[in-house]
Amino acid sequence: MAQQTHTSNASIIRLCHKVNCSGFPDLKIKLIKERENQKFINNDVNFTFPFTPADSLNEIAKSMTDLYENGLKLLYSSLEMAKVE
């Protein structure tokens, strides 16, 4: 990663620590998990304005359902079961 970004190994380690990772292997695992979680999230939902006044009732209901579903998926993906237990 250091070679690809034209930085030093120490910079990569500092980046890992800034994002609360113990090292580069931990960062890789977290990045892979995040990428996997993004597969299940509908990115078409605008979290700021999920619907407009011109939308039909069905479109509003679908947008709100997608909004809540995405929120729950994000919450579930961020849970650390070991800490919850």
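Residues are numbered from 1 along each chain as its sequence is written, and side-chain values use heavy atoms, with hydrogens and water left out. Because the model is predicted, local features need pLDDT of at least 70 and side-chain atom pairs count only at pLDDT 80 or more, while totals for chains, interfaces and linings use all residues.

**Figure 1. Overview of the chain, with five helices and zero strands.** Helices (H or I, at least four residues) and strands (E, at least two) are DSSP runs, numbered from the N terminus. The order of elements from the N terminus is α-α-α-α-α. Of the 85 residues, 14% are buried; buried means under 20% relative accessible area, exposed over 50%, and partly exposed in between (1.4 Å probe, protein chains only). Among contacts with a separation of 6 or more, 24% join residues 24 or more positions apart, a contact being heavy atoms within 4.5 Å. The chain has an accessible surface of about 7200 Å², and carbon and sulfur atoms account for 60% of that surface. Accessible areas come from the Shrake-Rupley method with a 1.4 Å probe; for residues, only the protein chains shown count as cover.

**Figure 2. The largest nonpolar core, made of A2, I12, C16, C21 and L27.** A nonpolar core is a set of buried Ala, Val, Leu, Ile, Met, Phe, Trp, Tyr and Cys residues joined through side-chain atoms within 4.5 Å. Leaving aside residues up to four places away in sequence, C16 touches C21, G23, F24 and L27. C16 is buried, at 0% relative accessible area, and C21 is buried too, at 6%.

Figure 3. A disulfide is a covalent bond between the sulfur atoms of two cysteines; here the criterion is a pair of cysteine sulfur atoms within 2.5 Å.

**Figure 4. The three salt bridges found in the whole structure.** A salt bridge is a side-chain nitrogen of Lys or Arg within 4 Å of a carboxyl oxygen of Asp or Glu. K62 pairs with D66 at 2.9 Å, N to O. Both residues lie in helix 4 (residues 57-78), four residues apart, or about one turn of the helix. D66 is buried, with 11% relative accessibility. K73 and E69 meet at 3.0 Å, N to O; this pair is also four residues apart in helix 4, about one helical turn. K73 is partly exposed at 31%, as is E69 at 36%. Between K83 and E80, the closest N and O atoms are 3.7 Å apart. K83 is exposed at 68%, whereas E80 is partly exposed at 45%.

**Figure 5. A nonpolar surface patch formed by L72, L75, Y76, L79, M81 and V84.** Patches are made of residues with over 30% relative accessible area and no salt bridge; like charges are joined within 9 Å, and nonpolar side chains (Val, Leu, Ile, Met, Phe, Trp, Tyr) within 5 Å. Together the six named residues have about 660 Å² of accessible area. Helix 4 and helix 5 (81-84) each supply at least two residues of the patch, and the largest share, three residues, comes from helix 4. Y76 lies in helix 4 and is exposed, with a relative accessible area of 62%.
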